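Notebook open, structure loaded. I want to look up a pocket, a helix pair and some ring contacts.

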Amino acid sequence: MPSLDFTLPHWAYWSGLILFPIIAMALARRPKPENPTYNSALGYMILVTGGMLGLHRFYLKNLYGLVFIPVFLAILVANSMGATARSELSNAANTVRMAEGTITRESDRAASAEASLPGLRADFAAAEVGSFAKRGAEKKIKRAEDRIEKSRAAIEQARSDLAAAEPIEVVAQDRLSFWRMISTYAFYLLLAGMLIDAVLLPGMVRKANANLPAKVEITETERKLKALEEEEMQEDSRHVSAGWTGYIDRLSLFCGEFVSYWAVIAVFVYYFEVIGRYVFNSPTNWAHESMYLMFGMQYLIAGSYAMLTESHVRVDIFYAPLTRRNKAWVDLLTSVFFFIFAGTLLATSYIFAFDAISVPSGNSILSDWARGEIGFGEMLAGFDLSQWTDPNIRWGEISFNEWEVPLWPMKWVMVIGGLLLVLQGISKLAQDLRAVVKGA
C-alpha cells in the first residue's frame, strides 16, 4: 500500500486560513438560481475529496457509486488485519533477535568459563589446605561452574523461544504480505475507477441535469432550512446599531462570519487525517496541531461577534424583565468589570505577541528589533524579500513538535481578538448611554 508522505507547508496553512473564508463568503453571497443544476466543478471537488467512497456518483444520483464502497471497505479491513500481522511480526522478530543475542552472548560466557576451569582447578590443587588461597580458588571454581550452568539454562530457554518464534515470524510475514497485496490492489482499483470517472464526469453531469424536472420543487425540509438561514441573517443584521457604532458592529459581524468558515477547513483536514491514517497507514504530524491552533484563534476572534449578538452564556433571571433603559443602567454599571477583563486580555496578549517575536530562536530583522538590538529605522531599512522567503530565517517562536509551525501569528491573533472585544465594548457602552439619555 503506498504511503502519504505529505506535510502541510506553513505558508499554505496561514494562507488557507485567510483565503478560504474570503472565497467561501463570496460564494455564499452569490445569487442562487431558482432551479439549481448539477455542477462539474463541484463534482470534481467531490471526486477528489470523496471519490474513494463514490460520493461523486451519489451527488449525481448515480447508484454505481455503491461499487466503490466494498472496495474501500476491503482497504480498511486489509489495513486492520495488516496492522495486527505487523504487530505479531514485530513481536516475533523481537523475540528471535533477543533469543539469538542470548545464545551468542551466553555461549561466549559458557565457553570462557569452561576454558578457565582447568587453570582454576590446578590453582585449587596447588594451594595449601586451609589457606585463604585454597578457599579463594574454591569460590572461583564455584562461580565458574554456576556461570556455566546459568548460561546453559539461558541458552536452552533461548533456543526454546527461538523455535517457537521463528514459525510465528514466517506466518506473520506471509500474512502481512498478503494483506498488503490486498490493500494495494484495492487501492489501485479505486484509483482506476476515479480516473475513469474523471473522464466520464462531464457526461454524467449532463445526464443528471437532463433528468431533472423542468422546475425543481424544494422539499419541506429544504424550505424550513432556507427560512431558518434567512431568519438568522436578519437577526444578525438587527444587532447593528445606527451611527458611528454601526461600523464597529459590522466589523464584529464580518469577523464572526469570517472565522465561522474555519470549521469547514477542519472537516477537510480531519477527513484527510482519517484517510491518511486508516487507508494509507500514514498518520500526519500536523493535522491535530493545526486545527487546535485554528480553533483557539477562532474562539478569540469570534468573541466580539458573540458579544454583539448576545450569544455568551449568562443567567438573566432578573435582567431579562427589565426595560431597555434599566438594562442600559445595569450594563453601564457592570461595564467596568468587562473593560478590566478586555483591557487585561489586550495588554497581556500584546506582551505575549512581542515575546513570541523576540525569542532567541528568532533570527529575523523583526526579531532583532523586538529584542531591542536594532532601531525601528534600521529594521525597516534592512527588511527585504529574503526575510519572507529564506527558510533559514525564523521570525520568532515555533512549536516544539516535528511540524515546527510558527506560533507568533497566533499570538498576534490574540491581540486582534482583544482589540475587537474592546471595540465592541465601546460600541455597547455608547449604545447604553444613548438608551439612558433618550429614556428608551
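Which residues lie nearest the centre of the second largest pocket, and how many line it? I'm working from a predicted model here. I find 28 lining residues, with Ala-306, Met-307, His-312, Arg-314 and Phe-338 nearest the centre.

Pocket, continued. I looked up its volume: the second largest pocket holds about 850 Å³ of space. Next I checked which elements give two or more residues to its lining, and I got helix H9 (287-301), helix H10 (303-308), helix H11 (324-357) and helix H15 (408-438). H11 supplies the largest share, eight residues. Sorting the lining by class, I get 15 nonpolar residues, seven polar and six charged.

Helix pair. I went to H1 (residues 10-28) and H8 (residues 262-278) next. Their axes come within 9 Å and cross at roughly 115°, and I note the crossing as right-handed. On the H1 side I see Gly-16, Leu-17, Phe-20 and Pro-21, which meet Trp-262, Val-264 and Ile-265 of H8. By class, this contact has six nonpolar residues, one polar and no charged ones.

Rings. How many aromatic pairs does a search of the whole structure find? I get 22. I picked out Phe-6 with Trp-286: the ring centres are 6.1 Å apart and the planes sit at 85°, over the 60 degree cut-off, so I log the pair as edge-to-face. The pair links distant parts of the chain, 280 residues apart. Phe-6 is in the segment before H1, while Trp-286 is in the loop between H8 and H9.

Key:
Residues numbered from 1 in each chain as written. Predicted model: local features only at pLDDT ≥ 70, side-chain atom pairs only at ≥ 80, totals over all residues. Heavy atoms only, no water. Axes fitted to C-alpha atoms, helices over the stretch in contact; angles between N-to-C directions. Helix = DSSP H or I, 4+ residues; strand = E, 2+ residues; numbered from the N terminus. Left-handed = near helix turned anticlockwise from the far one by under 90°. Contact = heavy atoms within 4.5 Å. Nonpolar A, V, L, I, M, F, W, Y, C, P; charged D, E, K, R; others polar. 1 Å grid on protein atoms, 1.4 Å probe; cavity = no way out; pocket = protein on both sides within 12 Å on 5 of 7 lines; lining within 4 Å. Points joined across faces, edges and corners; volume = space filled by probe spheres on them. Phe/Tyr/Trp six-rings, centres within 6.5 Å; stacked < 30°, edge-to-face > 60°.
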